[in-house]
Amino acid sequence: MKWYIIHSYSGFERKVKESLESRIRHLAWEKRSVKVVIPTEPVTEIRNGKKYTVERMFLSRIRAGADGPDGFRSGGEGDHVWHVVKSTPRVTGFVGTANDPTPLTEEEVNQIIIA
């Protein structure tokens with residue numbers, strides 16, 4: 001699976017994730033291993049003298065993984081996935097050039113997913 005960073009409007013990351021997951025279900029892509037992840041980390045806050053642990057996004061970007069040997073924009077199925085993601089409301093694009101998103105390295109994925 002190749003992972004890509006999706007840029008979205010600030011503050012709308014969760015909404016974009018919900019929209020993409022809804023489209024994945026609608027297109028019956030659950031078996032295609034298309035996944036959407038918002039990297040978060042636990043943060044301790046003190047409010048009114050009480051400690052609270054909350055999940056915060058440590059990167060305000062969304063990661064999307066697409067199964068297949070070539071990923072997005074490689075012709076065939078990858079192009080269809082690319083168009084679905086790109087046409088999702090509040091998605092502004094991918095990291096990389098407009099027509100050639102740059103996939104994350106395996107090391108970068110492990111830092112985000114496992115961390």
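Is Phe94 buried or exposed in this predicted model? At 8% relative accessibility, Phe94 counts as buried, where buried means under 20% relative accessible area, exposed over 50% and partly exposed in between, with a 1.4 Å probe and protein chains only. Residues are numbered from 1 along each chain as its sequence is written. Because the model is predicted, local features need pLDDT of at least 70 and side-chain atom pairs count only at pLDDT 80 or more, while totals for chains, interfaces and linings use all residues, and side-chain values use heavy atoms, with hydrogens and water left out.

**Overall layout**

- The protein chain has 3 helices and 8 strands, taken as DSSP runs numbered from the N terminus (helices are H or I with at least four residues, strands are E with at least two).
- The protein chain holds 115 residues, of which 30% count as buried.

**Aromatic pairs**

- Searching the whole structure gives 2 aromatic pairs; rings of Phe, Tyr and Trp (its six-membered ring) pair if their centres lie within 6.5 Å, and planes under 30 degrees apart count as stacked, over 60 as edge-to-face and the rest as tilted.
- Tyr4 and Phe94 make an edge-to-face pair, with 6.4 Å centre to centre and 85° between the planes.
- Tyr4 belongs to strand β1 (residues 2–8) and Phe94 to strand β6 (residues 91–94), so this pair ties together parts that are 90 residues apart in sequence.
- Like Phe94, which is buried at 8%, Tyr4 is buried, with a relative accessible area of 2%.
- Tyr9 and Phe12 also form an edge-to-face pair, at 6.3 Å centre to centre and 75° between the planes.
- Here Tyr9 is partly exposed, with a relative accessible area of 46%, and Phe12 is partly exposed too, at 34% relative accessibility.

- Trp82 sits in helix α2 and is buried, with a relative accessible area of 6%.
- Between the C-alpha atoms of Trp82 and Phe94 there are 9.6 Å, and the two residues are 12 apart along the chain.
- Rolling a probe the size of a water molecule over the atoms shows where empty space is left.
- A cavity is a set of points on a 1 Å grid over the protein atoms alone where a 1.4 Å probe fits but cannot get out, and lining residues have an atom within 4 Å of a point.
- By this rule there is 1 cavity of 30 Å³ or more.
- The largest cavity holds about 60 Å³ of space; grid points are joined across faces, edges and corners, and a volume is the space filled by probe spheres set on the points.
- It is lined by 10 residues, and Leu20, Ile24, Trp29, Val34 and Val85 are the closest to its centre.
- Helices α1 (13–26) and α2 (77–86) each contribute at least two residues to the lining of the largest cavity.
- The lining of the largest cavity comprises 9 nonpolar residues, no polar ones and 1 charged, with Ala, Val, Leu, Ile, Met, Phe, Trp, Tyr, Cys and Pro counted as nonpolar, Asp, Glu, Lys and Arg as charged, and the others, Gly among them, as polar.

- Strands β3 (residues 40–47) and β4 (residues 50–57) run antiparallel and are joined by 8 bridges; two strands pair if DSSP finds at least two bridges between them.
- Thr44 has Thr53 in β4 as its bridge partner.
- The hairpin of β3 and β4 has 2 residues between the strands, and Asn48 in the turn has a positive phi of about 50°.
- Asn48 is exposed, with a relative accessible area of 81%.
- The charged end of Arg47 sits over the ring of Tyr52, 4.3 Å from its centre; a charge sits over a ring if NZ of Lys or CZ of Arg is within 6 Å of the ring centre and within 35 degrees of the ring normal.

**Another positive phi**

- Most residues other than glycine have a negative phi.
- Arg90, in the loop between α2 and β6, has a positive phi near 75°.
- Arg90 is partly exposed, with a relative accessible area of 29%.

Conventions. On a 1 Å grid over the protein atoms alone, a cavity is a set of points where a 1.4 Å probe fits but cannot get out, and a pocket is an open set with protein on both sides within 12 Å along at least five of seven lines; lining residues have an atom within 4 Å of a point.
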